[in-house]
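Hi everyone, thanks for coming.

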Amino acid sequence: MANRMQQQFYLLLGNLMSPDNNVRKQSEETYDAIPGSTKITFLLQAIRDASAAEDVRQMAAVLLRRLLSSAFEEVYPGLTIDVQMAIKTELLASIQMDSSSSIRKKVCDVAAELARNLLDDDGNNQWPEILKFLFESVNSQNVALREAALHIFWNFPGIFGNQQQHYMEVIKRMLVQCMQDQENPQIRTLAARATASFILSNESNTALLKHFSDLLPGILQAVNESCYQGDDAVLKSLVEIADTAPKYLRPNLEATLQLCLKLCADTNLTNMQRQLALEVIVTLSETAAAMLRKHTAIVAQIPQMLSMMVDLEEDEDWALADELEDDDFDSNAVAGESALDRIACGLGGKIVLPMIKQHIMQMLQNSDWRYRHAGLMALSAIGEGCHQQMETILNEIVSFVLLFCQDPHPRVRYAACNAIGQMATDFAPTFQKKFHDKVISALLQTMEDQSNPRVQAHAAAALINFTEDCPKALLIPYLDNLVQHLHVIMVAKLQELIQKGTKLVLEQVVTSIASVADTAEEKFVPYYDLFMPSLKHIVENAVQKELRLLRGKTIECISLIGLAVGKEKFIPDASAVMQLLLKTQTDFNDLEDDDPQISYMISAWARMCKILGKEFQQYLPVVMGPLMKTASIKPEVALLDTQDMENMSEDDGWEFVNLGDQQSFGIKTAGLEEKATACQMLVCYAKELKEGFVEYTEQVVKLMVPLLKFYFHDDILYMPLQSMPLLLECARVRGPEYLTQMWHFMCDALIKAIGTEPDSDVLSEIMHSFAKCIELMGDGCLNNEHFEELGGILKGKLEEHFKNQELRQAKRQDEDYDEQVEETLQDEDENDVYILTKVSDILHAVFSSYKEKILPWFEQLLQLIVNLIFNLTWQWGLCIFDDVIEHCSPSSFKYAEYFLRPMIQSLCDTSPEVRQAAAYGIGVMAQFGGENYRPFCTEAIPLLISVIQAADSRAKENVNATENCISAVGKIMRYRPECINVNEVLPHWVSWLPLNEDKEEAVHTFNYLCDLIESNNPVVLGPDNTNLPKIFVIIAEGVANESIKSDDDCSKRLANVIRQVQVSGGLWTQCVSALNEIHQKAIQDLLNAA
């Protein structure tokens, strides 16, 4: 009976490897239904049964390892002690007895997995027999056993647990001994891999890395030997060390780099091996740039990457291809280009550009087209990393690159277009401002290359890059010429599509038209009728499968043109376009998941929503179903160990993240871009339709909130953050109860995300979104638990800020410290300070909603905020106390000892941002502070005036601080007139108006000006109203500069002032004649709007 069951199990194992999907799927279901303990028994028996087929035994070992890896806690602890002992004994016996090396290796993996799980939380190894087995095997005369011991140690280098320190010398001796085994190269190779694995698992233990540094020459020797035996496993380990523990390589950095350069240059090795050798250097440029920069002799040999980029084959049909193939990422040319890009970013332009420029220039003058192609692609690759240095010689570079648009070889012309497109993105908008004339002309000429469609299409693609970032005013003079060229090419390519079925150039030209319209906006109106009929024709007729991308891009083009020209021009076509979109939408369910039309459709609907506004609401029932379906795509994910990962291919759309400890996280990326686009469109609908979107708020919130944990795609992670405040706005129309329910669903998730998000960019967005939500919801939106959790998190963020400052100071003492490291530290500091601004935003939202009753909660953060004032981050400490004064007075005065003196002193600080924060504080002190602050307002006045009257007070960097000082003086005169000689200061104050930069403070000054005019203040109006023309100029400038909003009370008051003057003829004429044309229009606009 047992034997029959075992035979059936063997059959099942065989079927699990079947090439027939149905057989395999059925077998997987049968296997999954077997209880875990039974699986273990059957799998062990299969492994030990020498009579069973080898592939069945191997499969059994793989499944047992997976079972222990994924379901250890569910299965193993439930087994009896005897069974547990039997498993351990069986595994070790199998390793010792089995004659098949592949089975032995697989069983070693099982043993390592079991050992990993039998290490408790305190580091006690509950399987001491395996350690004994390791020691005995590694000293055995039996090579197979030595291999087994090293394999287990490589797989689980933490096997010694809390005994590691005790056995340190034994471990080292074991590895050295195996690395020196002259008779068995496979032992040397395995020992090198095991050493690398041990180093990686102890990456943060500096003393251990130092102690094991003398093993590195052995690893390098093994890298060299194994590569020539066709094995790149040790080289891969070296890449991992460069990535995770680069400092380990420091004592032998020279030798490491020399070896990698030698391997990289050796054409006898495989492409993969050469690229891995290059990867070591490139990775070090990212993880230990400062360390690498010191080895200038080695760094100077980096142009070897350029020689890899020349590794191209002649292909006569290349220029006629009608499909854009994906880059061949295995090719040396693409690998070299990618390496150059990364190394330029890692080491910085100061080192890379001088070193590489001469080589590129020589390549561009080579008679072999492959060298010219490689030179141009290299220029494209280094733009990001060498940005600052290339900017100074951009004139020379661009002039040179443009010559190659005329090169005799089509692939060189293609590369020239590539370089132009890349520079147009990397150096925008400087590139567009300096070279618009030359570049547009060269690209239009290249787009006429009828005999080389691939080049034509790439010239169109470069034009898209150029126009996307081109300032509108620069593009307008070229519109006629651009449009004429694009129209001629579009018509010709439409004919070609009908006659030959070719579409590549047409796809790009349609996008070029869209890009030009997007930048030109209303200036595109005269050309609308030239394009729209042909574009609609394409959408109506391009229904074949191979034309899906063309149709999608044309849908995009129509919607972008509609958005550019505006509703009035587009409305006659709007209905027909909507019908076309609706027809595609009804066929939506028939579209395949990877149909490129989907994301174009989704974006087009959102643009139609922007064009039609409220009228779009009627289409929501049709649009929302497919949109929610796409936004709800769940990606396929898997937690894999190293061996499983090797069986899965990145070509199948899988991407992997190494989690260490022989484990990787895999995600299938298909559909993620579409999901991101769909989520973006939901945000757009909520923003544009507001309460018109209320029917969908509940399902959208339920979709969005869980996406706060969607770590696989940054754009998707940002969408819930943008949507939440907008969805609350939409939901308001349903009343407070519905709104509160929705907020509760969001709130917990947002607070948790602030506490756990590791990425500073995402974190700042979460904090910003949370602050906006609190401002929207107001008093009572947070309960005691929320406040307790939030207080702990904010405290943690502030403490982390101070800790990071200390770490940066420590890095400045490091032996690799140089000016590029300082630049990186400055960037880190800016990131850190940006998070501080978001802490300030949250506190602002809390103070403005809860007022002084929140002060007891705030006191847990008080000392840390005070520390900010006496730190390098004064500004944000002052900003937070500004909020305390504004929203929590008069109670705020109890904290005056912490901030008053620093605030007054900061009015004269050298930093404009600090002066601005201090001046704002003095203003709110006057407005809201109460009696206690009177003497301090008096003390501040001369300091405020000295800032305003400084010679460079209106310079760009100082103007915001100055305007806050002007506003503060106004607030003291308005709310604390007893602190100041109003009549003496008032004429000066009026002469400082208007405020042009700080729109919020401008409103305060205009409201005070209205008070003064309405009360007929003689100082402001002057004798016989002689100051009124000057006041008219101030008001007109404020309107022209949009400092006054047409819908607020202030604009109505100012309009009334003007109307009163209008009725007194002579005075009106006098006031209007003092205004220039722009000012007169501004006054008229104000009267019309108010």
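Let's start with D1024, which sits in the loop between α51 (1018-1021) and α52 (1028-1040). The helix labels follow a simple rule: helices (H or I, at least four residues) are DSSP runs, numbered from the N terminus.

A quick word on where this comes from. This is a predicted model, where local features need pLDDT of at least 70, side-chain atom pairs count only at pLDDT 80 or more, and totals for chains, interfaces and linings use all residues. Residues are numbered from 1 along each chain as its sequence is written, and side-chain values use heavy atoms, with hydrogens and water left out.

Back to D1024: its phi is near 55°, a positive value in a residue other than glycine. Is D1024 buried or exposed? With a relative accessible area of 74%, D1024 is exposed; that term means over 50% relative accessible area, while buried means under 20% and partly exposed covers what lies in between (1.4 Å probe, protein chains only).

Now please move to K851, in the loop between α42 (819-850) and α43 (855-869). K851 is another residue other than glycine with a positive phi, near 55°. Its relative accessibility is 39%, so K851 counts as partly exposed.

Next, the cis peptide bonds. One joins A428 and P429, with omega about -5°, and P429 is placed in the loop between α24 (410-426) and α25 (430-446). Another cis bond runs from L993 to P994, with omega near 0°. Where does P994 lie? In the loop between α49 (982-991) and α50 (999-1014).

Note on methods: Helix = DSSP H or I, 4+ residues; strand = E, 2+ residues; numbered from the N terminus.
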